[in-house]
Amino acid sequence: MDGTLTQNDLSHVVEADKAHVWHHLVQHKQFETSDPKIIVEGKGMRVWDQTGREQLDAVSGAVWTVNVGYGRKTIVDAISEQLMKLNYYAGAAGSIPGALFAEELIDKMPGMSRVYYCNSGSEANEKAFKMVRQIAHKRYGGKKHKILYRERDYHGTTIAALSAGGQEERNAQYGPFAPGFVAVPHCLEYRAGDQGWGDLSGEAYGQRAADAIEEVILREGPDTVGALCLEPVTAGGGVIVPPAGYWQRVQEICRKYDVLLHIDEVVCGVGRTGTWFGYQHYGVEPDFVTMAKGVASGYAAIACCVTNERVFDLFKDDASDPMNYFRDISTFGGCTAGPAAALENMRIIEDEGLLENTTAMGEYMLGQLETLKDKHAVVGEARGKGLFLGAELVTDRTTREPMDEKRVAAVVAEVNKRGVIIGMTNRSIPGYNNTLCFAPALIATKDDIDQIVEAVDGALGTVFG
């Protein structure tokens, strides 16, 4: 883009948007006196709006999705070629890209074996929940139906996904929710004191946070708990990286009580943390893995609910029973653009060494955020895994009192004025919407990261002095 585009060039588009489009996560009252932002073009890590203004996108499409960056012609070509051959056929039958991507995906996920296609992360999680419930009826007389979820984790926007949602402000005003979903404590070491666990840290904290899951299982009754659903690294709840010892203990607890382990990789999957999947940092063996966002980097809608053979076999053990199989369908799980795009997306990640780049640039960016902590007293903690990072803002480092979210939002706005788009915890945890969020594309360079950090540095100085 050459930057010559003016707002008048798109005046009709802007007016049509204001008149008819209901934007996501936005209060529309403001558009009675101002214009919505319309993103017109993207290339690499940069986007341009209707005024021609260029910005570095440090959150990969606002919701951590465009992992390989904008303007990937080879992905577009793969989609176009596939759509001319076959655009759609219901998932009751197979397709060439569906079979080939499933093969490539499973090759990256030792221990997993089956891919169920659908079209969003919320839907992928719903599929796993339904499988758990059907297994409960098939094997346990319906009793082992409860699904545990973790405070601060997020699993989608449907009623069932919100029922498993650990973010109170996301859930507010949308109940009543589906029964049988039970919360377990979060694992943010920085907030151990708020949990009543004093100054526990490191592996001792990790063990305590995991033991809290066992306590919930024992309270509810192990014979009633069918699954545990967790993000490998909590996303919108504050970019929470589990402490040492946590995941290993979680695995032990699930095996001890015959609880299926469901890992929600909608954000962390397909390279975001420097491995193909976030759980692979921790050596755990899940029963379900759900994914969406970065699977095709937003070039086509695709999501997957992946299971191991143990789970799959439970749905074909009695062919004479007409109720024995998984009686579910996702209409747009039959679209072929998704797996076609995902195949090319995966090739790009491999051929360009983007997992290695994510690890290296993630370490570099975390170090740069640590320098901000040294410079600005409001930065309580910098944390992250790969190119998925957060900086929690506080009013006092000793008490760790969370910064008011309006002031955090002011930082985000100031960063935006400096030509960089970042995020923050938003409508998530009452009193704790105080973490700046970063998820630049896996193609990020040191120069990109320096630009991001420099903008945040300037914004913190402007807002807090």
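Predicted model: local features only at pLDDT ≥ 70, side-chain atom pairs only at ≥ 80, totals over all residues.
Residues are numbered from 1 along each chain as its sequence is written, and side-chain values use heavy atoms, with hydrogens and water left out.

Back to the strands. β11 (residues 379-385) and β12 pair in the antiparallel sense, over six bridges. Two strands pair if DSSP finds at least two bridges between them. Strands themselves are DSSP runs (E, at least two residues), helices likewise (H or I, at least four), numbered from the N terminus. The hairpin of β11 and β12 has two residues between the strands, and G386 there takes a positive phi near 60°.

What else does β12 pair with? Four bridges join β12 to β16 (residues 435-438), and the two run antiparallel. L389 has F438 as its bridge partner in β16. Two bridges join β12 to β13 (residues 401-402), again antiparallel. There, V394 has P402 as its bridge partner. The hairpin of β12 and β13 has four residues between the strands, and R400 takes a positive phi near 60°.

How many residues of β12 are buried? Seven of the nine in 388-396, so β12 is largely enclosed by the rest of the structure. Buried means under 20% relative accessible area, exposed over 50%, partly exposed in between, with a 1.4 Å probe and protein chains only.

Next, an open sheet. Four strands, order β1-β2-β3-β14, mixed pairing. The edges are β1 (39-43) and β14 (420-421), each pairing on one side only. Inside, β2 (residues 46-49) and β3 (residues 54-57) pair antiparallel over three bridges. V47 has Q55 as its bridge partner in β3.

Now the rings. The structure holds eight aromatic pairs. W247 and Y282 have ring centres 6.2 Å apart and planes at 25°, so they are stacked. W247 lies in helix α9 (residues 246-256) and Y282 in the loop between β8 (260-264) and β9 (288-291), so the pair ties together parts 35 residues apart in sequence. Both residues, W247 and Y282, are buried. The cut-offs: rings of Phe, Tyr and Trp (its six-membered ring) pair if their centres lie within 6.5 Å; planes under 30 degrees apart are stacked, over 60 edge-to-face, the rest tilted. Ring pairs also link Y116, F315 and F326 into a cluster.
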